[in-house]
Amino acid sequence: MKLPDIDLYLIAPEIIIAAFGFLVLLVDVFAPKGEKKGYLGVLSLIGVVIAFFYTLPLAGAAKTGFEGMFTSDGFAIFFKITILIIAFLTVLISMGYATREGIGFGEYYALILFATLGMMLMASGTHLIVIFLGLETMSISIYILAGMLREDRKSVESAFKYFLLGAFATGFLLYGIAFLYGATGSLYLKDIASYIASKKLLDNPMLLMSLAFLTIGFGFKIASVPFHMWTPDVYEGAPTSITAFMATGVKAAGFAALIRVFFTALPEFRPDWTSIMWLIAVVTMTVGNIIAISQNNIKRMLAYSSIAHAGYILVAFVAGNKSGTSGILFYLMAYAFMNLGAFTCVILLGKKGEENILVTDYAGVGFKYPLLAASMTIFLLSMAGIPPLGGFMAKFYIFSAAVEAKFYWLAILGVLNSAISVYYYLRVTVLMYFRESEREITGLQFSPAPVIALILALIGTFYMGIFPSNVLSFAQKSIAGLM
Amino acid sequence: MDILGIPILSFLIFFPLAGAIVLLFIKKEEIIRWTTLAIALVEFVASLPLFFKFDSTTAAMQFLEDWWWVEAYGISYKIGIDGISLLLVLLATFLTVLCVLCSWTAITFRVKEYMISFLFLETGMIGALVALDLILFYVFWEVMLIPMYLLIGIWGNPQRRIYAAIKFFLFTMAGSVLMLVAILVLYFINLKATGRGTFDVLELYKLGIPMGTQHWLFGAFALAFAIKVPMFPFHTWLPDAHTEAPTAGSVILAGVLLKMGTYGFIRFAMPLFPNAALDLMPLISILALIGIIYGALVSMMQPDLKRLVAFSSVSHLGYVMLGMFALNTQGVQGSIYQMLNHGISTGSLFLIVGMIYERRHTRMISDFGGISKVMPVFAVFFMIVTLSSIGLPGTNGFVGEFLILLGAFQANIVYGVLAAAGVILGAAYMLWMFQRVMFGKITNPKNEGLKDLNAREVITLIPMVALIFLMGIYPKLFFSKMDSSVEKFLKDFKGKVEMKADLPAPKVAEVKER
């Protein structure tokens with residue numbers, strides 16, 4: 001038996017993230033008890049940064065390793081960069097929030113790193129089992145993270161709900177994979193595609209079932225309608241830093257796997273999934289935006305808004321052309337900055353025992369905490385797609401991809417949705433600037449780490465809006481191997 | 001031409017923004033006011049060379065700057081002006097100075113944020129007026145929304161400011177997102193036809209677009225602009241926004257922001273889609289006429305001075321649209337001239353209403369009467385502005401309206417007759433309002449002790465009145481700047497329309513929706 005070639009350099013970023021995850025656990029165990037453990041966060045940050053610098057040099061050429069189960073092509077690298085940025089910002093935010101809420105122990109940071117590891121595997125897997133392992137590593141870590149505030153009933157409910165429904169969705173996904181294997185005899189994405197093409201299996205019922213199951217499984221992770229029911233409750237109950245991590249990281253990884261599987265393994269079924277996804281995209285955008293209007297809890301509002309954003313990204317997925325795919329990459333990175341930024345603002349406006357997450361809590365904040373309110377306004381306007389912010393450029397690329405592929409109605413429904421979304425994003429600014437507060441919010445403590453995260457998110461949001469060229473051309477180069 | 005090494009148009013766009021950043025670091029309100037005034041004045045003075053160095057013999061774009069912004073997508077930072085945008089840019093820098101002046105005592109809280117919003121707004125306005133790239137234009141167009149939204153929402157009338165602010169934002173936004181889709185469709189049609197992706201309007205002007213597609217695209221552009229103008233029936237946001245906004249907000253809204261709509265038609269919608277514009281000419285002219293008559297009739301019934309002026313805007317902008325779609329030299333020239341006139345006359349009217357509101361804290365016509373006795377200087381200014389708004393010969397309003405009527409009669413005699421009837425209605429509601437406010441006995445004792453205008457207020461109004469007469473008596477000064485641009489606009493328009501008539505039936509398949 002010949003041993004497969006093992007190129008550890010290819011998975012160096014993953015190894016580093018995993019190693020630092022264990023290191024954080026170990027340090028936590030051997031450190032003296034009772035202290036504030038801010039250094040755990042710093043240690044995690046160092047791990048993320050080192051992994052980041054091991055990821056960058058891989059961007060050059062597409063390489064495959066581990067018998068073709070793992071690839072490090074441009075597409076994977078772009079996603080890994082996005083995921084590492086998300087992890088970095090999440091850890092930064094957590095260093096203020098988790099300490100404040102008393103959950104800043106080793107497991108917390110270790111689980112964030114393990115979830116990051118899972119996401120990175122999802123982006124790189126070219127074999128369905130690798131993708132599935134990545135997905136499970138990520139999901140299980142997040143189930144626990146969602147329930148970290150164990151004294152809080154909502155957090156426990158959130159974790160439980162996410163776990164139960166997530167387990168179901170995973171089951172669907174696994175069924176999909178099994179059917180795919182049954183019909184084609186392979187789990188390698190490329191082999192599946194060539195087998196389907198050579199045998200002309202387009203009417204094979206097993207494959208169609210598998211297509212449906214995969215759509216459900218991934219649809220759950222990216223929170224698309226009608227598989228979105230868990231999102232508001234889970235986002236509301238989970239610790240806010242983890243909500244931010246879910247809304248950006250899980251979504252990014254979910255899209256990475258979705259695109260990889262559908263574009264590489266099932267391109268023959270494009271007409272079938274295009275029509276399904278067209279409908280899902282429209283429903284996701286519309287339901288997300290319309291329900292977001294009536295939310296009074298800012299975390300729920302952002303949850304529905306994240307559903308709507310999944311819808312916008314699906315617009316580009318349906319377009320399915322080069323500009324659409326690179327648009328998705330751009331969108332997810334811009335979305336990471338603005339969404340993490342918005343959640344950072346939500347966190348900074350709260351304190352221990354007083355979260356201030358009702359929309360009405362924002363009344364009068366505009367002139368009391370002008371910089372915080374201005375940042376929040378910028379992030380919300382960016383999500384609404386107002387130029388010259390990153391969110392506008394992201395939407396611009398996505399809708400231009402839809403127009404290029406001649407999905408005119410999809411583009412029109414998309415922009416109309418983005419006009420609807422302006423209403424609820426503006427509502428927060430209305431409260432912040434146009435109304436006087438009924439209840440003073442005092443004694444906020446701005447610890448340095450989340451403030452740094454806020455500044456980084458602001459820089460990212462502006463940079464991607466005003467100088468989008470670099471990221472865009474990087475995204476365009478990144479998808480070369482995929483399309 | 002450069003200022004401090006920066007090309008003049010870029011300087012004009014970014015100087016107010018730089019000024020706004022400087023304001024962030026100033027604490028004392030008095031210094032903030034003076035600094036903003038200085039910034040606005042420098043901006044105005046810096047914009048004057050445009051007028052004097054402008055070459056009126058050519059219709060080409062001048063003071064051009066052209067850089068790549070997002071090269072991968074063909075988005076460029078391309079700016080320049082011709083005879084049509086030149087005067088509007090000057091109007092914007094001019095009105096901003098007056099707006100700062102008239103906000104001096106009217107704005108009593110959060111002065112810093114107010115002034116920053118205003119300077120930010122100026123950046124957006126100038127940018128939108130000089131942009132020659134569709135995406136750049138769209139960016140500035142949207143950028144204008146936020147400061148105006150804040151101006152209405154924070155410093156507006158307490159009762160309904162929030163409603164008005166949101167309505168303003170959503171109406172404009174809803175229209176413009178469809179324009180964005182149309183811009184993208186246009187981009188890909190051009191890409192297919194020429195193999196070169198660009199959002200440069202001067203390039204896109206040359207493009208021949210199949211008829212069916214043209215109608216859709218024109219519809220999307222026209223909707224965005226018609227909301228902004230605002231044309232009947234998309235005008236409902238305007239009275240609310242105007243009534244609730246602070247005085248300076250109303251002045252800049254009437255003076256410049258509404259012109260973005262009419263300017264959008266003449267710069268983008270009509271030259272890009274001439275056949276569709278021609279086909280829809282009757283519809284737009286009729287809507288314009290409805291606007292003229294309806295605006296005038298509703299004005300007549302308004303008990304509130306500011307609402308009256310707001311509805312008169314609907315009527316006046318109807319003339320602008322009518323003249324533009326008359327598609328002859330007189331009509332188009334009159335239309336552009338009327339854009340400037342409306343900025344000055346209606347701007348002044350809002351200033352005047354603001355001045356009297358600051359004294360009495362009411363805008364109800366019935367609360368006034370006999371004001372001319374206690375405020376004679378005020379009465380003189382008010383009279384001149386009223387007459388200019390009516391279009392009395394010798395004032396600017398006459399020149400514009402006369403040309404528009406001339407153009408309208410040539411285009412269609414019925415339009416001309418109806419529009420002329422609108423002029424009479426216009427005179428009726430303005431004079432009636434003036435009579436009820438200014439003449440007669442002082443019935444309300446609160447009006448007896450009113451102070452006449454102070455020096456600052458006189459300084460604010462004098463430039464307006466000077467322009468009213470200058471533009472009324474010596475219009476050639478301004479027409480000479482726009483002559484060749486208007487001529488080219490019409491020539492290109494007709495050229496493209498005729499060229500199209502010879503073409504075989506277009507391939508409709510390209511526009512099939514899915």
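Reader: Why are helix 15 of chain A and helix 17 of chain A called roughly antiparallel to each other?

Author: This is a predicted model, in which local features need pLDDT of at least 70 and side-chain atom pairs count only at pLDDT 80 or more, while totals for chains, interfaces and linings use all residues. Residues are numbered from 1 along each chain as its sequence is written, and chains are lettered from A and ligands numbered from 1 in the order in which they are written. Helix 15 (residues 370-384) and helix 17 (residues 408-434) of chain A pack at an angle of about 170°, with their axes 9 Å apart. Axes are lines fitted to C-alpha atoms, for helices over the stretch in contact, and angles run from 0 to 180 degrees between N-to-C directions. Angles under 35 degrees count as roughly parallel, over 145 as roughly antiparallel, 65 to 115 as roughly perpendicular and the rest as oblique; the two helices are therefore roughly antiparallel. Helices (H or I, at least four residues) and strands (E, at least two) are DSSP runs, numbered from the N terminus.

Reader: Which residues in helix 15 of chain A meet helix 17 of chain A, and what classes does the contact have?

Author: Contact requires C-beta atoms, placed from the backbone, within 7 Å. Among the residues that meet are A:Ala373, A:Met376 and A:Leu380 in helix 15 of chain A, and A:Val422, A:Tyr425 and A:Met432 in helix 17 of chain A. By class, this contact has ten nonpolar, four polar and no charged residues, where Ala, Val, Leu, Ile, Met, Phe, Trp, Tyr, Cys and Pro count as nonpolar, Asp, Glu, Lys and Arg as charged, and the others, Gly among them, as polar.

Reader: What makes helix 4 of chain A largely enclosed by the rest of the structure?

Author: A residue is buried if 20 or more other C-beta atoms lie within 10 Å of its own, exposed if 12 or fewer, and partly exposed in between. In helix 4 of chain A, 18 of the 19 residues are buried, so the helix is largely enclosed.

Reader: How do you know that the span of helix 4 of chain A agrees with 1.5 Å a residue?

Author: The expected span is 1.5 Å times one less than the number of residues. For residues 106-124 of chain A that gives 27 Å, and the end C-alpha atoms of helix 4 are 27 Å apart, which agrees.

Reader: Which helix supplies the largest share of the side of chain B that touches chain A?

Author: In the contact between the chains, 28 residues of chain B meet 30 residues of chain A. Helix 7 of chain B gives the largest share of the chain B side, 14 residues, and by class that side has 21 nonpolar, one polar and six charged residues.

Reader: Why does B:Phe63 count as buried, and what is its phi?

Author: B:Phe63, found in strand 3 of chain B, has 22 C-beta neighbours inside 10 Å and therefore counts as buried. Its phi is near 55°, a positive value in a residue other than glycine. Most residues other than glycine have a negative phi, and most peptide bonds are trans.

Reader: Where is B:Leu327 placed, and what makes it buried?

Author: B:Leu327 is in the loop between helix 14 (305-324) and helix 15 (329-360) of chain B. With 22 other C-beta atoms within 10 Å, B:Leu327 is buried, and it has a positive phi of about 60° although it is not a glycine.

Methods:
Two residues are in contact if their C-beta atoms, placed from the backbone, lie within 7 Å.
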